Structures are given as C-alpha cells and as structure tokens.
Amino acid sequence: MSNPDRHGRRRPRPNDRSRPPRGRKGPARPPVEDAARQAALDTVAAVRERDAYANLVLPGLLRERRISGRDAALATELAYGTCRARGLLDAILDECSDRPFDKVDGPLQDVLRLGAYQLLRTRVPEHAAVSTTVDLARAAVGSFAAGFVNAVLRRVLEHDEAGWVDRLAPDPARDAVGNLAFRHAHPRWIAQAFADALGDTGEELREALAADDARPAVHLVARPGEVSADELAAMTGGDVAPYSPYAVRLDPGAGDPADLEPLREQLAAVQDEGSQLAALALTRAPLTGSDQRWLDLCAGPGGKATLLGALVGLDGGTLDAVEPSAHRAALVRGVTGDLPVTVHEADGRAPELPAGSYDRVLVDAPCTGLGALRRRPEARWRRQPSDLAALARLQRELLASALGLVRPGGVVAYVVCSPHLRETVETVDDVLRGGGVEQLDARPAFPGVDQLGDGPHVQLWPHRHGTDAMFCALLRKL
Ligand SMILES: C[S@@+](CC[C@H](N)C(=O)[O-])C[C@H]1O[C@@H](n2cnc3c(N)ncnc32)[C@H](O)[C@@H]1O
C-alpha cells in the first residue's frame, strides 16, 4: 500500500502491496489508502449514476470517512473540477481512446475523467496522476482495465490543455461562441445564452465564462438585528463584502462553512451576495403608503425569506412565505422560526392568500440556475435547453399571480438566478404587455454597485460583481 502525499506523489512503504511482489507477474492489489481520490471518484460516479449533486455528496463522504485537511482539499478540487470540466474532458478522451468514449463503461469513464482532469488542469505530477488512476481503475473496474487506462492517459499527455483546445475547439473565425464555450468547458447553448445577455461574443464573454469556471468564494449573510457584517467577518476570518451591508466573503479554500459557530447559532447563513442584493432591492424600491405586509412567493429553502423576515420584523411588519414542496416548506420554517414569518405550503400560482393585499412581493422563481453554475459543479452538463419552455411558463404564471396579490402602488421584485433572456427580460416584457403594471428602474435599488448597464432591470455577473448572475426586475402595480 502507499500513501499519496499532498501532491499525489506516492511514498513507498516497506510493504508496498499495490505493486506485484518482486519476481511475480500479474495484477497488483488495489490501493486502499488513496482516500482523497477515492472520495472524488465516488462523487463523480454518484453524479453520473444517480444524478446526485456533487456539492451534497462530497461533504457527506468527507465527514463519513474522516477525510480532512489537505486530503479533503485534494478530493474537493478533483471531484468538483472533474464535474465542471466534463464536456471538455470527454472530447479529449474521445480523441485518445480507440473506441468512442461514450461507448466506454460508465465506471471506466469516471476513472478516466478523473485522471485526465489531473493531467490537464492540476499540478499533480504526471506519473502520480497516471499511476493513481490506473490503481483506481483496477479497484473500481478490475485489473483488465489497467492497460486501457494507462494507454488512454499516455495519449492525453501528448498535449497540454491549451494544445488540445487548439486542436479540438471550433474555429473561432467561424464560431466564436463555440470556441470560447469549448475553451472554458461550457456547453455551447449556455455560452450562447451568456453572449445574448451580454451582447458580446468576444472579450467580455471570455471573461464571463472564465469566471464561471473558477471556484467561487463562499458568501455569508449576517442576520439583521443579530450581528453586523464587521462582527461576522471578525468571527469567521472572512472579509466584509463590497455591496450588501450584510455580506461577508470567505476564501474559496476555507473549510466547510457549516462548521462555523455563527452559522451553527443561526446568526448567519450561507447566501450569495447577489441573492442578498436581489432581496434587498425589493425592500429598497420606493413605496408610498403602508409597508407592513410582505410576501415571498417562492420561498424554499428560505434564504431570502430569512433576510426579508428579519428586515420587515425590525419595523413591526410580517412576511408570508409560500412554498409548494413539503420538504422545502419545512426548511423555511426551520430557518425562520423566530421571525414574524408565516409559511404556507401552497402553489404560488394559487396560494389562497388575499388578493391585492401585500405591499411588497418577491418572486424568486424556479429557473435553470445558469447564473450559479460555478456553485454546482455538474449543473452545466445536466441542464438542457429543453428545460426552458416549462420553466418560462411557470415563471410567467408566478409573476402574474404576484401582481394579483400585491396592492395597487405596491412593488413586485421578479428575480431569477439566470442571465438567459427567455427567463429574464422576455418574461418581464410578456407580463408588461398584459398592462396594469409599470417597470421601475431597478438600478437605484442596487446602491454602490457599478456596471449595471442601461436598465431598467439589473443583471449581476460573476466576472463583473463577484456574485452569481442574478437577474432582478422591479414592477409596480398601477
Ligand atoms: C429559486 S428557488 C427559491 C429560493 C429561495 N427564495 C431562497 O432564497 O432560499 C425557487 C423555489 O420555488 C419553488 N417552487 C416551485 N414551483 C413553485 C410554485 N408553483 N409556486 C411557488 N414556488 C414554487 C421551488 O420548490 C423552490 O423552492
């Protein structure tokens, strides 16, 4: 057996049984101590086999197997990186395999992706990446796979990532978007959606895709009335974030935020700064008359409901929170228990709440999540353009319902975590065509945030703002 050090180098032990004994030919025993790579492989396999979410599977495996420190960091880098880069890795592996890569057995695909990722996108030494991957193949699939894996990875080594991209990416002169999509490991349709929203197929699109491919900082939200952002930063070792008065940013490599004391005590929670800004925009829209009854029409799991509930509570108001999924409604109850929040397990399109009675309504609608791909490693390869039609219909119905529930003069914030025009500008324009509503300039509701474009909506971006790509439009009922 052997232990990889933090660079993946194998340190021989006196009784190294991952290799055949001297003078004996035949398969070596699989190593059992490469805990980091095994956890990464198990995560990648769970994503492929049962549509699991990598960022839910891996932390559980690390806890269960007591993997911490550098091993945990290596497992995280390999698991999330392999999931993110899957399409790029598959195209390269297809070139390097003597059979089409999509015809290779799933478990072997997982091992090869993990090996190719290490060779192309990490500093793990080549020999360590190859030998540990061959060992994993033996253990996961059987000794017969070792030769195949070794041969494929040797071919991967013929070029570095840039070399493979130059060979395999679409010609930029003919397909600039396709070229950048390939280069930054995004499906083409997603790169096209970014290009359409940015109005750019050149440098800014490149920046947007590169930022989307990088590991994001974790953002925390300090619960208003409980702790300030300065205090939270001091308690967690993070930095006060630039835009939201409640946000703190942690280093991407900081450990599991769930272990932090202020989170355990519900003084703070994990929430992207862009999500905070979108919720705050609703509270900052100018309003005349009463301002005591707020509604969150798509509340689960409760991140924005907590922020809104805490804020409305400071002024003696209340928040109703609607969520149709029983599990998610329970999560909202769990995080808003001590706030003036009433949770309704109901469909936001017909929640049986009094029409025309709310001062401010948030519609944080279900969406493709294309704005938070960097936080969900596998999501870009799982989402399909065919997902859009049903989501776009639901978004329009929820926004129409919100406009029925808000009082005349009241404000609705329509928010999605996506820059796709079909679920952003086109949804809002459709609803505006129905009449009885005016769109407000949302930009003043994002004070201090630069590069907000021509309005009236706001589209945040990772490469501009360091936030998820949240969209926010503010509508006033006439
Ligand atoms: C983007 S998430 C909301 C996130 C939440 N606002 C937060 O900050 O934690 C969308 C939510 O809408 C819920 N949803 C789906 N269909 C819905 C419907 N018909 N009415 C209301 N909510 C719905 C989903 O279950 C999901 O919890």
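These questions and answers go through a predicted model and ask how some of its descriptions are reached.

Q: Why is Cys417 called buried?
A: A residue is buried if 20 or more other C-beta atoms lie within 10 Å of its own. Cys417 has 26 other C-beta atoms within 10 Å, and therefore Cys417 is buried.

Q: Where is Cys417 placed, and which residues does Cys417 touch?
A: Cys417 is in the loop between strand 11 (406-416) and helix 19 (425-433). Leaving aside residues up to four places away in sequence, Cys417 touches Cys367, Gly369, Gly371, Ala372, Asp468 and Met470. The "active site" annotation that covers Cys417 comes from an unreviewed UniProt entry, and such annotations may be inferred rather than shown by experiment.

Q: What makes Val361 count as buried?
A: The cut-off is again 20 or more other C-beta atoms within 10 Å. Val361, which belongs to strand 10 (residues 358-364), has 29 C-beta neighbours inside 10 Å and so counts as buried.

Q: Which residues does Val361 touch, not counting residues up to four places away in sequence?
A: Two residues are in contact if their C-beta atoms lie within 7 Å, and with that rule Val361 touches Leu295, Leu297, Ala402, Leu405, Val406 and Val412. For Val361 and Leu405, which are 44 residues apart along the chain, the C-alpha atoms are separated by 8.0 Å; the 7 Å cut-off for contact applies to C-beta atoms.

Q: What makes a set of residues a nonpolar core, and which members of the largest one touch the most other members?
A: The members must be buried residues of the kinds Ala, Val, Leu, Ile, Met, Phe, Trp, Tyr and Cys, joined through C-beta atoms within 7 Å. The largest nonpolar core has 137 residues, of which Ala75, Ala281, Val363, Ala413 and Cys472 touch the most other members. Helix 1 (residues 35-50) gives the largest share of this core, eight residues. Ala75 touches Ala36, Ala39, Ala40, Leu58, Leu62 and Ile67, not counting residues up to four places away in sequence.

Q: How do you know that domain 2 is in contact with domain 4?
A: Contact needs C-beta atoms within 7 Å, and twelve residues of domain 2 are in contact with 13 residues of domain 4. On the side of domain 2 that touches domain 4, the largest share, six residues, comes from helix 10. The residues of that side of domain 2 divide into eight nonpolar, one polar and three charged.

Methods
Residues are numbered from 1 along each chain as its sequence is written. This is a predicted model: local features need pLDDT of at least 70, side-chain atom pairs count only at pLDDT 80 or more; totals for chains, interfaces and linings use all residues. Helices (H or I, at least four residues) and strands (E, at least two) are DSSP runs, numbered from the N terminus. A residue is buried if 20 or more other C-beta atoms lie within 10 Å of its own, exposed if 12 or fewer, and partly exposed in between; C-beta atoms are placed from the backbone. Ala, Val, Leu, Ile, Met, Phe, Trp, Tyr, Cys and Pro count as nonpolar, Asp, Glu, Lys and Arg as charged, and the others, Gly among them, as polar.
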